[in-house]
Amino acid sequence: MRIRNRVLTSVLALSMVGVLAACGGNDGGDNMENNGGADNANADTNNTADNDADDMNEDMDNDDEAADEDAEENDGEEAADGEEVTITYARGQDATGATDVLVEAFEEEFPNINVEFREMPADTGQSHDQYVTEFSGGDASIDVFDADVIWPAEFAQANYVLELDRFIERDGIDLDDYFEGTVDSGTFDGRMWAMPKFTDAGLLYYRSDIVDGPPETWDELIDMAGEYAGEEGTDFGYLMQANQYEGLVVNAIEFFGAYGAEVIDEDQNVTINSPEAVAALEKMIEIVQSDFVPGDILNFDEPATHTAFLEGQSVFARNWPYMQAMTEDEEISQVQGNVEFALLPAGDEGSAAGLGGWMTMINRNSEHPEEAWEFVKFMTGPEGQKITAIEGGSAPTLRDLYEDEEVQDAAPLFADEEFVATLENAVPRPVTPIYPQISDIMQIELSRALSGDISAEEAIENMEQEIQSALDE
């Protein structure tokens, strides 16, 4: 295993509030929430939350005050008084079975709380839009749900979710135990709206039976991908997520970071129109339009990437940490024992990995907020995150779990100190309550550039103008 500590220092000026691949994240394939982030935004329909926000925010403080009073009166007694209660937990597809193990462990500890699992669409953009539709109408059928790290500010501003500070303070949860960026991603307007569940950072996977080690730079990757494609039965040199969805934005953010560019600075100034951004996008275009990627690379997402790589079709692939465990699964992997991982290649300013991951939130209209919090606290605490790591291959947000031998045994990268360092230094996406609109703008313009319809310069200029207009609205 060769991981090089080339984490880009200049991109740390980007606010860590926007942490987690999802990746959708997706935020990945075995935890489909990782898509970009995984992490698909599909923001053409995502403006509903933003429109609702203006009408709802004026009532927000009053609602929070009332909720605080209710919570103080209950003081956790409702969740522990023995009355049987059923809550509904929603998240995207989970092919690992980790969710079932998690729910079973929770119900064993809290026999009076039954958890019904509701599977949301694998496409997290579709899940997002479904949540927005239900929550904006006051629907209470979902109590707890997993949220892409790009959602908390939007959902908080729209008044869809419960503020969690009162629960955190009451139960003595120490947020310093979590990676700082994951906590920041759940914070909006000085309050905590989501608890960190698992985190992601983009990685480069490579066939160790074909190459001696990974490329240091993107230019080296281009050379090596072209040279070794076809070796050991492979068809391609490189795989990535280039479909028009959130995963494309994450991949672009990695190129931007590697070449010293950013989309929005910490003061919400649009800074994307720069020579560095143009150079980054030109490099991305060069790869996508090369002959060493699949002809349908513009349709590739995380599942397509891991499927092709596990079938032995490519020398290199960019994906989230979840894929590491899959490469060693003899039931699904044809490349078992021949895969290693490294930091993504460097550009002019170093290596940059997109930060993804998932949070857990409580529906403001939940009829069982105390029980919902108990489940959130369990899932995002040491026991729940350990289950998610071991059974699902998801990277914990709690630092101490990386010292746990069982967690380390679950995936080799969890035992690698340099990988853990990347989780604290990865590049976030733009941090703003209107992120879905910004993501939609970027997806469209990036896709046009990658398909050859417009130049990198035109795409960057279009993104600058359209993002600024969205922020000015």
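Author: Helices (H or I, at least four residues) and strands (E, at least two) are DSSP runs, numbered from the N terminus. This is a predicted model, in which local features need pLDDT of at least 70 and side-chain atom pairs count only at pLDDT 80 or more, while totals for chains, interfaces and linings use all residues. Residues are numbered from 1 along each chain as its sequence is written, and side-chain values use heavy atoms, with hydrogens and water left out.

Now to the sheet. It is open, has 6 strands in the order β4-β3-β5-β15-β8-β16, and its pairing is mixed; two strands pair if DSSP finds at least two bridges between them. The edges are taken by β4 (113-119) and β16 (395-396), each with a single partner strand, so one side of each has no neighbour in the sheet. Further in the order, β5 (residues 144-148) and β15 (residues 355-362) pair in the antiparallel sense over 5 bridges. There, Asp146 stands opposite Thr360 in β15.

Helix α5 (residues 124-136) touches β3 (85-91), β4, β5 and β15, and its direction makes about 130° with that of β5. Helix α14 (residues 369-380) touches β3, β4, β5, β8 (195-201) and β15, and its direction makes about 155° with that of β15. Axes here are lines fitted to C-alpha atoms, for helices over the stretch in contact, and angles run from 0 to 180 degrees between N-to-C directions.

Follow α14 onward and you meet helix α15 (residues 382-392): the two axes come within 4 Å and cross at roughly 55°. That makes α14 oblique to α15 (angles under 35 degrees count as roughly parallel, over 145 as roughly antiparallel, 65 to 115 as roughly perpendicular and the rest as oblique). Phe378, Met379 and Thr380 in α14 meet Pro382, Glu383, Gly384 and Gln385 in α15.

Back at α5, look for two rings. Phe135 and Phe145 form a tilted aromatic pair, 5.0 Å centre to centre with 50° between the planes. Rings of Phe, Tyr and Trp (its six-membered ring) pair if their centres lie within 6.5 Å; planes under 30 degrees apart count as stacked, over 60 as edge-to-face and the rest as tilted. Phe135 lies in helix α5 and Phe145 in strand β5, so the pair ties together parts 10 residues apart in sequence.

Technical notes: Contact means heavy atoms within 4.5 Å.
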